[in-house]
Amino acid sequence: MSEQHVQPDASQPRHGSDSAEASSATAYPAAHTDGPKRVRTRHFQQAKHEGHKITGLTSYDQLTARIFDEAGIDFLLVGDSAANNVLGYGTTLPVTVEELIPLTRAVAGAVTRAFVIADMPFGSYENGPEDALHTAVRFMKETGAHAVKLEGGERSHKQIRRIVSAGIPVMAHIGFTPQSEHGLGGHLIQGRGDGVAQLLADARSVQEAGAFAVVLEMIPADTARQITTALDIPTISVGAGPECDGQLLVWTDWAGFTIGRVPKFVKQYAQLADILSDAATRWRADVASGNYPGPEHSYE
Ligand code: KIV
């Protein structure tokens, strides 16, 4: 769903004031020079029907959101993976709505084109459809996000249906669902053997509930292909192979910040941790040796 593939609205306003638009437009090279455009849920559908791939990255702050938006990434997920990647928690389980709201607001406020999706954290929707709607409404009212995401297939059907009935788009998430890490017995590939039928049932269930797209995480490529063929809504792969309708990666993995083993499905497009480490080391040495600040960095 890159720029040459879809023609999102040219008429939609962005978040923030005109002056904010002007200043952000000059911060990085603009990938989109023909005025504001906004990716909508219908463009996800259009991409599937036209066979164009959808791209997504996670983002948790306005700096990366602006860069990814200018690069033409179709959607940004403010994932509950912020738990690990921003807040330093060991899993996604502890992160709260209160912690994710400011991050989501920063991302939604920084983009002009990308579709921004707020991830509903563990404990904020499992209790039932009314709790789920309450959380979704908070994200929509308090952050400027365009949609929400929640985990679970058949078990989350009623929650998805209730949120969608209130006019809020929902991205579903099945396969390996990190919030159920302990129930699933660890970071295990889903949808093998007998698991294929259950995953197909989950995929059909979230589509029937009204989800506009579904994330398939860590499932065999052939299972993902079957689901993609069976569904009318687009499938978004996180480690589910090339035959999904779109691809999503956690930006910190993709950019070389992963500590420890890099998952097999991640392709790293930069080594930013090494670049920052090198910069910090050189700056520290310059300060120690008196090379920084020089006269050009000092006021007369
Ligand atoms: O929080 C997240 O980053 C996610 C993706 C891995 C799908 O849910």
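Is Asp 80 buried or exposed, and how many other C-beta atoms lie within 10 Å? In this predicted model, Asp 80 is buried, with 29 other C-beta atoms within 10 Å. The legends below begin with this residue.

**View 1. Asp 80 in its loop.** Asp 80 belongs to the loop that links strand E2 (75–78) with helix H4 (82–85). Setting aside residues up to four places away in sequence, Asp 80 touches Thr 92, Val 95, Leu 100, Asp 119 and Pro 121. Since a residue is buried if 20 or more other C-beta atoms lie within 10 Å of its own, Asp 80, with 29 of them, is classed as buried.

**View 2. Glu 151 and an annotated binding site.** An unreviewed UniProt entry places the feature "binding site" at Asp 80, Asp 119 and Glu 151. These positions are spread over 72 residues of sequence, yet they cluster in space, with a largest C-alpha distance of 10.8 Å. Glu 151 is situated in strand E4 (residues 147–151). Glu 151 counts as buried because it has 25 C-beta neighbours inside 10 Å. Apart from neighbours within four places in sequence, Glu 151 is in contact with Ser 156, His 173, Thr 177, Gln 179 and Ser 180.

**View 3. Lys 149 and a further binding-site annotation.** The unreviewed UniProt entry also carries a "binding site" annotation that covers Asp 80, Ser 81, Asp 119 and Lys 149. Although this set spans 70 residues of sequence, its members cluster in space, and the largest C-alpha distance is 12.5 Å. Lys 149 is located in strand E4. With 25 other C-beta atoms within 10 Å, Lys 149 is buried. Beyond its neighbours within four places in sequence, Lys 149 is in contact with Leu 77, Ile 117, Asp 119, Met 120, Met 171 and His 173.

**View 4. Glu 217, the annotated active site.** UniProt, in an unreviewed entry, places the feature "active site" at Glu 217. This residue is found in strand E6 (residues 213–217). Glu 217 counts as buried because 22 C-beta neighbours lie inside 10 Å. Leaving out neighbours within four places in sequence, Glu 217 is in contact with His 173, Gly 175, Phe 176, Thr 177, Val 238, Gly 239 and Ala 240.

**View 5. Strands E6 and E7.** Strands E6 and E7 run parallel and are joined by 4 bridges. Val 215 stands opposite Ile 236 in E7. In a regular strand, side chains alternate between the two faces of the sheet. Strand E7 (residues 235–238) is covered on both faces: Thr 235 and Ser 237 are buried on one side, and Ile 236 and Val 238 are buried on the other.

**View 6. The largest nonpolar core.** This core has 68 residues, and those with the most contacts inside it are Leu 76, Val 78, Ile 117, Val 148, Val 170, Ala 211 and Val 214. Helix H5 (residues 97–110) supplies the largest share of the core, 5 residues. Val 214 touches Ala 172, Ile 174, Ala 203, Val 206, Ile 233, Thr 235 and Ile 236, not counting residues up to four places away in sequence.

Definitions and conventions:
Residues numbered from 1 in each chain as written. Predicted model: local features only at pLDDT ≥ 70, side-chain atom pairs only at ≥ 80, totals over all residues. UniProt positions renumbered as here; feature names shortened; annotations may be inferred. Helix = DSSP H or I, 4+ residues; strand = E, 2+ residues; numbered from the N terminus. Buried ≥ 20, exposed ≤ 12 C-beta atoms within 10 Å, placed from the backbone. Contact = placed C-beta atoms within 7 Å. Core = buried A, V, L, I, M, F, W, Y, C linked by C-beta atoms within 7 Å. Pairing = 2+ DSSP bridges.
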